[in-house]
Amino acid sequence: MNGPAEDRDLREAFERLRLFMHEPGQSPAFRPMLERAGMDGTSAPTPTPTRLRSLPPRAGPRPWLRSGSRAVLAAAAALVVLLAQGARDPELEFQRLVSAYGATALSWRPPTSRLLEVPGLELVRSLPAIGAPLLDAVTSETGDHPVPAPEVRS
Amino acid sequence: MTSSETPLDELEGELEELHQDSFAWALSCCGWNYADAEDVLQTTYLKVISGQARYGRRSTFRTWLFGVIRRTAQEHHRRVRVHRAGMERLGREPSGPTARDVDPAQAAERRETATALREALAGLPPRQREVLHLVFYEGLSVREASEVMDVSVGSARVHYDRGKRRLRLLLADRYAGEGAQ
């Protein structure tokens, strides 16, 4: 960095500018400006200077709202990251696929399975007990009332 | 000392003492637009007196005040950009010197130099313009300027060195152009 001696040209130029700015009429008077800002030294005014009153109010959010929305955004971002990581995890993905396949495999029936559902299929599926009438076993499984045996006339 | 704790008379006294330099800094922050600079400085005074901006003693009052002016100017520019589009400018033309107590020849020379410097400064990037104004016009150190500008000292030094080189070139071009005419 140059020292003050090397910067003499710039210092002189700025000094001339400074002198020019200190000439009368170059700067607004202090007191009137303070009064325009509503500063009479006794009360704290609303932060709206007279010249800016014609402009619409600032549309920016309040600081607490800004910090709150930042927190919500951060939480949402974290959730998205976690979900994305979970979806990308191969172990979790494999488990999800296996469970989905198991559920569909157990509930699946071939379209022709109804052809095997014939009358009397219960007889094939049940195991008759020794000594008990075959019909009892069938009715106990199906819940139907047994057909009474025909009377034998002597 | 905070703005709210400082006696109002004392605070106003400090503001008044720095008023001309503050206005020059506000002008620099507003591209030498007098009306905008007045708005910015007025709003800054409002912030300081009402306690909206508080001096925390982490720097000199002057450095802190210039930082407030700079931020206020940035807010002002954003507001103006959004809301003043299409509206007629309300600004006043800068009033010329009354020249009652000033030698006319000296005043003319100063005005010429001031205009040349202002136009050359306008050709610099904002950070370079800011650091040069703060150091050469306001008499701050580069470190203090970095505090006002809210940048690191190293960054301020880079802007300072580049700004000086570029400003010299711009001034030389201007004077060379005038000499050729």
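The expected span of a helix is 1.5 Å times one less than its number of residues. With that in hand, let's look at chain B of this predicted model.

Q: What makes the reach of helix α3 of chain B close to the expected one?
A: Helix α3 covers residues 34–50, which is 17 residues.

Q: Why is α3(B) called mostly covered?
A: A residue is buried if 20 or more other C-beta atoms lie within 10 Å of its own. In α3(B), 13 of the 17 residues are buried, hence the wording. For chain B as a whole, 36% of the 181 residues count as buried.

Q: Which residue just after α3(B) takes a positive phi?
A: That is Gly51(B), with a phi of about 85 degrees.

Q: Why are α2(B) and α6(B) called roughly antiparallel?
A: Angles over 145 degrees count as roughly antiparallel. Helix α2 (residues 19–29) and helix α6 (residues 126–137) of chain B pack at about 160 degrees, with axes 10 Å apart. The pair is therefore roughly antiparallel, and its crossing is right-handed.

Q: How do you know that α2(B) meets α6(B), and through which residues?
A: Two residues are in contact if their C-beta atoms lie within 7 Å. Ala24(B), Trp25(B) and Ser28(B) of α2(B) meet Arg129(B), Glu130(B), His133(B) and Tyr137(B) of α6(B). The residues of this contact divide into three nonpolar, two polar and two charged.

Technical notes. Residues numbered from 1 in each chain as written. Chains lettered and ligands numbered in written order. Predicted model: local features only at pLDDT ≥ 70, side-chain atom pairs only at ≥ 80, totals over all residues. Buried ≥ 20, exposed ≤ 12 C-beta atoms within 10 Å, placed from the backbone. Axes fitted to C-alpha atoms, helices over the stretch in contact; angles between N-to-C directions. Helix = DSSP H or I, 4+ residues; strand = E, 2+ residues; numbered from the N terminus. Parallel < 35°, antiparallel > 145°, perpendicular 65-115°, else oblique. Left-handed = near helix turned anticlockwise from the far one by under 90°. Nonpolar A, V, L, I, M, F, W, Y, C, P; charged D, E, K, R; others polar.
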